[in-house]
Amino acid sequence: MNYEKYRPVEMMVVAASRILEDKKSVFVGTGLPMIAAILAQKTHAQRLLLMFEAGGVGARVPTLPLGVGDSRTFYRATMAGSMCDVVEASQTGFVDFGFLGGAQIDKYGNLNATCIGEYDSPKVTLPGSGGGNDIGSLCWRTIITTMHEKRRFVEKLDFVTTPGYLTGPGAREEAGLPKGTGPYRVVTDLAVLGYDEMTKRMMLISVHPEVTVQQVVDNTGFQLVIPRTVRVTDPPTSEELRIMREEIDPKGIYISR
Amino acid sequence: MTIKEAVGKFVRDGSYIFFGFFGARVPMAIVYEIVRQRKKNLDVGRGGLYDLDILIASGCVKRLDRGYGGGFEVLGLSPVFRRAVSNREIKVVEWSNTAFAWRLKAGAMGIPFIPIRTMMGTDTFRHSAARLVKCPYTGVKLCIVPACNPDVAMIHVNRCDPYGNAQIDGITVYDIEAARASRRVIITAERIVDEDSIRREPWRTCIPHFYVDAVVEVPWGSHPSNMPGEYYIDEEIFNEWIAQSKTREGVEAFLNRYVFGVEDFDGYLEAVGGLRKLKRLRDIELLRNAKTNTRCSA
């Protein structure tokens, strides 16, 4: 297999996995977050604790789960509990990272997973919050993975399913959400983004190899904070690519190729 | 009691129903029987995947308290759900998954509502029946959600005794709360075991008999959903449904083949591929098939 070439989606998963830290806990959503979390566990964060909203804690995931509740989410786990069990652990502050996807995101990191278009006459119906709102409300640091497209990075969401920084600095606390929690990183196929400390607005951190800052700006539907220095993301190592392609998703369920 | 009798007796037109879990450990024999008996105007708690889709496509559902509904996780979005929402055939009330789990917990505790710290500041909140209150002790803002006490909870378990003392191997999601909160509880079990084997390990009982109104043994009863420790998801049937359900004609053909065209759940199991298929799903679940990705095992 060729480990020199990689697809943008693979860069995205690798960049997301590197954000996760060893000896921390992470709430994992369906899809690319699962691959990124498992990849982190198999590389730099072997003691990363995986938590799934349906009750699985500490799984050693044998094959990619098709959802957050299938038997793979508590395979050789340290506990098979309940939804209240695990989400209450994040409500009391025990979960470090939340890891979500979303159809639309705005400059404050709010997410839409409910509908595209008007709620009462939607162009597309999406499955709703699921555990997304809980994870985004309660985890200390929430990471979002999504493809970087103008129709996804929008000025105004069609529906605020999951809270980011809501309307700006202090808005989460004002709304009643736990202090000190909230969006942390956004990882796309073009870049890694974070949030400006003062304004809580989305800020570019690094662009992936061969991607320009202008390209990121052009694919974002709102004004990004662009710092003076923007790094280039380290490309995936051949070991990261090998683990991802051969061990985690050999059938290409998530990373179709 | 048979599935037919249990559904006939406890599920009424207009009942508020809850069926356990999502994508896994789903009481599918009951779902199909509800469709077969053409129940109407059901209120459904929490949502689901294929199970919810089948009920909506069959015109059984009037209203949905949604945590997750209208998709199949990795496998895609639901054409049925979209049609039903666009044509205003169902009414949807939004919640987060855990907000709904906490509603059941409040129901199980016998209290009218429960304070939580999610949903606030979002449109999910605005499209729910949650409210904001000030904590009388600390003054902080809290979200409160009303208790949910379904008319009927239907829960599939690994095993239980004839009285309904049930054991679940694996995550329980919100099923323990639902069993305690509901007026009626129907348990379907992969196996019915004798009372003595429950009494030998009483700490394994997660739903005690006094909550339970009916017990039916249904081997493979979660198919085509996953049953932890028993069999994996039947992706073929899921994909067939997703493809067929794009049109009303497809829905009709699918239901005629797998629901109306068979006498009962045993007939259904034959129609989906019989023992040969089921054994394959068991191999996948138990990671015995060389073709599955067993090398990933950590």
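Author: A nonpolar core is a set of buried Ala, Val, Leu, Ile, Met, Phe, Trp, Tyr and Cys residues joined through C-beta atoms within 7 Å. In this predicted model, the largest such core has 175 residues.

Reader: Which residues have the most contacts inside the largest nonpolar core?

Author: They are A:Val26, A:Ala37, A:Leu39, A:Met51, B:Leu55 and B:Ile187. Helix α2 (residues 32-42) of chain A gives the most to this core, namely eight residues. From chain B, at least three residues come from each of domain 1 (1-96 + 149-298) and domain 2 (113-146).

Reader: What does A:Ala37 touch, not counting residues up to four places away in sequence?

Author: A:Ala37 touches A:Leu20, A:Val26, A:Val28, A:Leu48, A:Leu50 and A:Phe99. To be in contact, two residues need C-beta atoms within 7 Å.

Reader: What makes chain A as compact as a globular protein of that length?

Author: Chain A has seven helices and 14 strands. The globule rule gives 18 Å for 257 residues, and the radius of gyration is 17 Å, close to that value, so chain A is as compact as a globular protein of that length. Its C-alpha trace spans about 45 × 45 × 35 Å along the principal axes. Of the 257 residues in chain A, 58% are buried.

Reader: How do you know that the radius of gyration of chain B agrees with a compact globule?

Author: A compact globule of 298 residues would have a radius of gyration near 19 Å, and chain B has 19 Å, so the two agree. Chain B has twelve helices and eleven strands. The C-alpha trace of chain B spans about 60 × 50 × 45 Å along its principal axes, and 53% of the 298 residues count as buried.

Reader: What share of the contacts in chain B with a separation of 6 or more comes from residues 24 or more positions apart?

Author: In chain B that share is 71%. For chain A, residues 24 or more positions apart account for 66% of the contacts with a separation of 6 or more.

Reader: Why is α1(A) called largely enclosed by the rest of the structure?

Author: Ten of its twelve residues are buried, so α1(A) is largely enclosed. Among the buried ones are A:Glu10, A:Met11, A:Ser17 and A:Arg18. What covers them includes α2, β10 (141-145), β11 (183-187), β12 (191-195) and α7 (238-248) of chain A.

Reader: Why is A:Leu157 called buried?

Author: The cut-off is 20 or more other C-beta atoms within 10 Å. A:Leu157 has 23, so it is buried. A:Leu157 lies in the loop between β10 and α5 (171-175) of chain A. Not counting residues up to four places away in sequence, A:Leu157 touches A:Gln104, A:Asp106, A:Asn110 and A:Asn112.

Reader: Why is A:Glu210 called exposed?

Author: A:Glu210 has 11, so it is exposed. Its loop runs between β13 (202-207) and α6 (213-218) of chain A. The phi of A:Glu210 is near 70°, a positive value in a residue other than glycine.

Reader: What makes B:Val173 count as buried?

Author: B:Val173 has 28 C-beta neighbours inside 10 Å, so it counts as buried. B:Val173 is found in the loop between β9 (166-167) and α7 of chain B, and its phi, near 55°, is positive although the residue is not glycine.

Reader: Which peptide bond is cis, with omega near 10°?

Author: The bond from B:His223 to B:Pro224 is cis. B:Pro224 is found in the loop between β11 (214-217) and α9 (235-244) of chain B.

Reader: How many residues of domain 1 of chain B are in contact with domain 2 of chain B?

Author: Four residues of domain 1 are in contact with six residues of domain 2. The domain 1 side has two nonpolar, one polar and one charged residues. The C-alpha centres of the two domains of chain B lie 31 Å apart.

Reader: How many residues does the contact between the chains take from each?

Author: The contact takes 57 residues from chain B and 51 residues from chain A. On the side of chain B that touches chain A, the largest share, five residues, comes from α5(B). By class, this side of chain B has 26 nonpolar, 20 polar and eleven charged residues.

Conventions: Residues numbered from 1 in each chain as written. Chains lettered and ligands numbered in written order. Predicted model: local features only at pLDDT ≥ 70, side-chain atom pairs only at ≥ 80, totals over all residues. Helix = DSSP H or I, 4+ residues; strand = E, 2+ residues; numbered from the N terminus. Rg over C-alpha atoms; globule rule 2.2 N^0.38 Å. Domains from an automatic or database assignment. Nonpolar A, V, L, I, M, F, W, Y, C, P; charged D, E, K, R; others polar.
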